[in-house]
Amino acid sequence: MGRYVTRRLLQAVLVLWAAYTLSFAVLYLLPGDPVEIMAAGGGEVTEISDEQLDAVRAEYGLDAPLAEQYLDRLGAALTGDLGTSVQTGERVSAMVAEQLPATLQLTCAGGALALLLGSAVALAGAHTRRPWLRQLLLSLPSVGASAPTFWVGLLLIQLVSFRWGLLPAIGDQGWRSLVLPALTLALPTSAVLAQVFAKSLRDALREPYVETALAKGASRARVTLRHAARNASLPAFTVFGVLVGNLLAGSVVVETVFSRTGVGRITATSVTVQDIPVVQGLVVLGAVAFVLANLLVDLVYPLLDPRVTTGGAVAR
């Protein structure tokens with residue numbers, strides 16, 4: 001088990017390094033100069049000389065060779081220093097810390113709804129004895145997975161807010177303003193979970209132990225919930241760890257559609273103005289969340305299924 005944990009931790013470190021390195025490379029391959037973009041969109045500043053541009057580049061270390069910039073930024077990131085925003089002059093860590101609670105609230109609410117909706121659809125589709133209803137329920141995940149997030153958000157705003165007047169369309173004041181964004185974020189994730197869980201559940205219900213339990217007098221609902229669902233939930237549990245990244249990525253779109261504050265909004269703004277330190281800090285934040293979620297799945301999975309082998313031995 002010790003080797004299993006060590007291997008997963010090393011993989012987590014490798015993922016974080018790769019995410020930071022790739023983001024650095026991609027951002028510097030983009031056309032344009034972040035300092036010139038800042039000068040062009042800096043409010044009252046309309047003209048700036050080459051000497052002033054060079055001074056700003058020197059202040060942010062953007063005049064150094066690319067390899068030196070990479071090593072300096074990587075070393076600072078290892079100490080928790082994500083740099084300073086070229087656009088606003090604020091510390092990136094402070095900007096992220098200020099906006100992160102709102103995004104975490106949205107992501108957690110969306111994840112909880114995704115688990116609830118995905119599990120409900122899969123269980124209902126597997127349990128019902130009516131073929132037409134089973135086909136209808138099991139076709140819903142395909143529809144949900146194919147619908148674009150922004151389109152779902154706009155549709156919910158049009159129907160629930162504008163036509164029915166039940167919930168606010170924009171803002172982030174109170175729980176009522178959280179319902180539509182969380183539902184928009186949850187639908188694509190719940191669709192994938194429902195597809196995986198439903199398939200695993202159908203396979204589990206064909207196992208011999210199900211027939212044995214039914215023969216002993218157990219009800220179909222009890223067998224489905226107490227026996228088959230537990231075994232079938234393991235693949236869905238693994239997939240959910242991967243889908244955490246989708247929830248964070250979807251928050252960028254959802255926060256923009258519903259005019260909510262959060263990490264998604266500053267991500268969109270920072271990419272537009274090519275604010276390299278902020279974008280890199282946000283990439284690292286997303287990678288950390290993804291790594292932690294998958295590390296938790298990797299560590300819990302052997303406890304849920306002792307058949308998982310690590311290095312040829314059963315995890316204990």
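Read along the sequence, the predicted protein chain follows the pattern α-α-α-α-α-α-α-α-α-α-α-α-β-β, that is, 12 helices and two strands, where helices (H or I, at least four residues) and strands (E, at least two) are DSSP runs numbered from the N terminus. Because this is a predicted model, local features need pLDDT of at least 70 and side-chain atom pairs count only at pLDDT 80 or more, while totals for chains, interfaces and linings use all residues. Residues are numbered from 1 along each chain as its sequence is written, and side-chain values use heavy atoms, with hydrogens and water left out.

Of the 316 residues of the protein chain, 40% count as buried, a term that stands for under 20% relative accessible area, with exposed meaning over 50% and partly exposed in between (1.4 Å probe, protein chains only). The accessible surface of the protein chain comes to about 17,300 Å², of which 65% belongs to carbon and sulfur atoms; such areas come from the Shrake-Rupley method with a 1.4 Å probe, and for residues only the protein chains shown count as cover. Among contacts in the protein chain with a separation of 6 or more, 73% join residues 24 or more positions apart, a contact being heavy atoms within 4.5 Å.

The UniProt record, an unreviewed entry, places the feature "transmembrane region" at several spans, including residues 136–158 and 278–297; its positions are given in the numbering used here, feature names are shortened, and annotations may be inferred rather than shown by experiment. In the model, residues 136–158 are 91% helix and 0% strand, with end C-alpha atoms 25 Å apart, and residues 278–297 are 100% helix and 0% strand, with end C-alpha atoms 29 Å apart.

Helix H4 (residues 66–78) can be followed in more detail. Its 13 residues reach 18 Å from the first C-alpha to the last, close to the 18 Å expected at 1.5 Å a residue, the expected span being 1.5 Å times one less than the number of residues. Gln69, Tyr70, Arg73 and Leu74 are buried in H4. These residues cover an arc of only 125 degrees around the axis, which puts them on the same side of H4; the arc is that of the directions from the helix axis to the C-beta atoms. An α-helix has 3.6 residues a turn, so residues three or four places apart point the same way. On the face of H4 turned away from its buried side are the exposed residues Ala67, Leu71 and Leu78, and just after H4, Gly80 takes a positive phi of about 95 degrees.

Rings of Phe, Tyr and Trp (its six-membered ring) pair if their centres lie within 6.5 Å, with planes under 30 degrees apart counted as stacked, over 60 as edge-to-face and the rest as tilted. By this rule the count comes to one aromatic pair. Phe24 and Tyr70 form this edge-to-face pair, at 5.3 Å centre to centre and with 65 degrees between the planes, and it links distant parts of the chain, since Phe24 is in helix H1 (residues 2–29) and Tyr70 in helix H4, 46 residues apart. Both Phe24 and Tyr70 are buried.

Helix H6 (residues 131–146) has the buried residues Leu137, Pro141 and Gly144, and their cover includes helix H5 (92–127) and H8. Within helix H8 (residues 176–204) is Ser190, which is buried, with a relative accessible area of 7%. Not counting residues up to four places away in sequence, Ser190 touches Ala114, Leu117 and Gly118.
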